[in-house]
Amino acid sequence: MWPGMTTPLLHIANLHKSYTGSEGTVPVLQGIDLTLTAGETLALTGESGSGKSTLLHLAAALDAPDTGSIRMDGVELAALGDPARAALRRDKVGLVFQQFNLVPSLSVAANISLQARLAGRPDPDLCARLIDRLGLQAVATRYPEQLSGGQQQRVAIARALAARPALILADEPTGNLDETTGDTVLALLLDLVAETDAALLMVTHSTRLANLLSRRVHLSHGQIAPADTSV
Ligand SMILES: Nc1ncnc2c1ncn2[C@@H]1O[C@H](COP(=O)(O)OP(=O)(O)OP(=O)(O)O)[C@@H](O)[C@H]1O
């Protein structure tokens with residue numbers, strides 16, 4: 001680091017992760033280096049099973065690597081205990097994962113405002129704007145089980161954005177939406193990332209969507225390389 005350089009929001013160095021099961025130990029990530037700074041939007045592509053979700057879970061401090069370093073806003077995750085990791089996630093990270101993990105006993109509106117309240121940044125105006133722009137007005141008083149998959153996905157996106165996180169980790173955040181709705185939702189996500197100077201790491205299978213982000217990398221054979229955008 002030199003003077004004037006900002007601390008990366010996410011700095012991953014030489015990350016290794018393997019899973020051990022009945023077939024023995026299978027290496028998934030084999031030396032990943034990745035840096036994400038404020039205002040950057042990074043698309044992560046890779047074949048099914050290449051380890052994209054594994055990398056996102058590690059970056060979210062939901063799982064621990066075998067070796068290597070993950071620093072979030074300068075803080076080494078391995079140095080933190082579980083409560084400190086949870087606090088860091090609550091304060092800095094917005095998650096949109098494939099399991100939406102909405103709270104079944106809370107309405108759509110309450111789900112959306114929950115993380116912002118827990119992070120000490122309640123913002124009813126922003127919640128109302130997100131409900132409006134994500135087209136959720138008609139279902140705001142419903143409960144998660146009364147929603148379609150696409151509606152649940154939009155609630156998960158609104159919830160992640162409502163706390164104005166510095167870092168958004170999103171696993172195919174528009175995967176359950178039709179192309180037009182997906183494009184609208186991604187445009188909103190990118191708008192809000194720019195507006196709040198956040199950073200976005202987004203897994204996608206779509207080269208078209210990846211090309212809308214500021215940078216692209218591809219995960220293959222456990223390693224990251226700049227993505228070939230010509231495909
Ligand atoms: N908890 C686990 N235990 C054992 N193996 C796992 C576990 N989680 C993932 N894997 C294996 O690790 C590899 C990478 O999985 P991961 O879900 O990260 O891939 P992915 O690139 O996100 O795939 P997809 O695009 O299909 O969602 C796969 O071979 C998967 O079977």
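These legends accompany close-up views of a predicted model. Local features need pLDDT of at least 70, side-chain atom pairs count only at pLDDT 80 or more, and totals for chains, interfaces and linings use all residues. Residue numbers start from 1 along each chain as its sequence is written.

**View A. The shell around the ligand.** Tyr 19, Gly 21, Val 28, Gly 46, Ser 48, Gly 49, Ser 50, Gly 51, Lys 52, Ser 53 and Thr 54 surround the ligand. A residue is near a molecule if its C-beta atom, placed from the backbone, lies within 6 Å of it. Two shell residues are nonpolar, eight polar and one charged. Here Ala, Val, Leu, Ile, Met, Phe, Trp, Tyr, Cys and Pro count as nonpolar, Asp, Glu, Lys and Arg as charged, and the others, Gly among them, as polar.

**View B. Elements that supply the shell.** Strand S1 (10-21) and helix H1 (52-59) each give at least two residues. H1 provides the largest share, three residues. Helices (H or I, at least four residues) and strands (E, at least two) are DSSP runs, numbered from the N terminus.

**View C. The six-stranded open sheet.** Its order is S6-S7-S8-S3-S9-S10, with mixed pairing. Strands S6 (93-96) and S10 (223-226) are the edges, each pairing on one side only. Two strands pair if DSSP finds at least two bridges between them.

**View D. S7 beside S8.** Strands S7 (residues 167-171) and S8 (residues 199-203) run parallel, joined by five bridges. Ile 168 stands opposite Leu 200 in S8.
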